[in-house]
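Hello,

Here is the structure I promised to pass on to you. Have a look at it first, and then read on for what turned up.

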Amino acid sequence: MIALNADLGEGMENDAELIPYLKYANIACGGHAGSEASIEQTILLGNQHKVRVGAHPSYPDIENFGRKSMIISQSALELSLLNQIQLVEKIANKLGVSMHHIKLHGALYNDVFSAQKNTQWFLDWCAKHFKNTKLFIPCSAKQFMPKNYPNIIYEAFADRNYNTDLSLVSRKETNAILQTPEMAFKHVKQMLQEYVVTSVEGKKVAIKADTFCLHGDHPEVLSIAKSIYNLSTK
């Protein structure tokens, strides 16, 4: 069965409806959205459905929902990330739940995994502070990864279009998002069963993901989740 993940605790009203379809929940931890109360609520919800929970840190930019790159010093960014992730870890531990993974959000996700030096910085930083925690990495960053690097879960997007270099089509473009469950189903089935994705340029590009992400703010997210939930590699 397909391993779905979604970004939760972001103020959407459908978290409780969406979580039964998930294997992983990425919990907003104050950078772009989220509070101690929402983190606790989401961890409890995940535990109820046997969903593995992780931290979903962002640039400290609530105003833009973490979807714009920030000019920020490395030390300030590292401190913000540490505070965000440790908040999830602290609340999870209090509730008797283990924080399973870290997945960056929005512009920070794109910025970190668009260049080898940025990816290496993030890997080194996580190895220092969260050595045994799984990391969600986009398939496009496989080229930057050290061989046999541990604790990596490769991710693709169920509701977003790709460029030929496996970068996501910018949200500024009208074709960035797959609008219907039918489009998402076809998109995910191809990646899951054929290990390729058709880019917006019309080229088939090799891709192999361990998990597929849904965005909770997509208006059709529940229908998409239901349509692809039973997909398998067979």
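**A buried charged pair**

Glu155 and Lys103 are both buried. Please keep in mind that this is a predicted model. These two residues form a salt bridge, with their closest N and O atoms 2.9 Å apart.

As you will know, side chains of opposite charge can pair when their charged atoms come close.

One of the four is between Glu40 and Lys94, whose closest N and O atoms are 3.1 Å apart. This pair links distant parts of the chain, as Glu40 is in helix 2 and Lys94 is in helix 3 (residues 74-94), 54 residues apart. Glu40 counts as partly exposed because its relative accessibility is 27%, whereas Lys94, at 58%, counts as exposed.

Arg67 and Asp217 form a salt bridge too, again with the closest N and O atoms 3.1 Å apart. Here Arg67 comes from the loop between strand 3 and helix 3, and Asp217 from the loop between strand 9 (211-214) and helix 7 (221-228), 150 residues apart. Arg67 has a relative accessibility of 30% and therefore counts as partly exposed. Asp217 is partly exposed as well, with a relative accessible area of 31%.

Is strand 2 (residues 24-28) mostly covered or mostly open? Strand 2 is mostly covered, with five of its five residues buried. In a regular strand the side chains alternate between the two faces of the sheet. In strand 2, Tyr24, Asn26 and Ala28 point one way, while Ala25 and Ile27 point the other way.

Strand 2 pairs in the parallel sense with strand 1 (residues 4-8) over four bridges, and Ile27 of strand 2 is the bridge partner of Leu8. Strand 2 also pairs in the parallel sense with strand 3 (residues 52-56), over five bridges. There, Tyr24 has Arg52 of strand 3 as its bridge partner. From strand 2 the chain crosses through helix 2 (residues 36-48) to strand 3, and this β-α-β crossover is right-handed.

Happy to go through any of this with you.

Best wishes

Note on methods
Residues are numbered from 1 along each chain as its sequence is written. This is a predicted model: local features need pLDDT of at least 70, side-chain atom pairs count only at pLDDT 80 or more; totals for chains, interfaces and linings use all residues. Side-chain values use heavy atoms; hydrogens and water are left out. Buried means under 20% relative accessible area, exposed over 50%, partly exposed in between (1.4 Å probe, protein chains only). Helices (H or I, at least four residues) and strands (E, at least two) are DSSP runs, numbered from the N terminus. Two strands pair if DSSP finds at least two bridges between them. A crossover is right-handed if, with the strands pointing away from the viewer, the path from the first strand over the helix to the second runs clockwise. A salt bridge is a side-chain nitrogen of Lys or Arg within 4 Å of a carboxyl oxygen of Asp or Glu.
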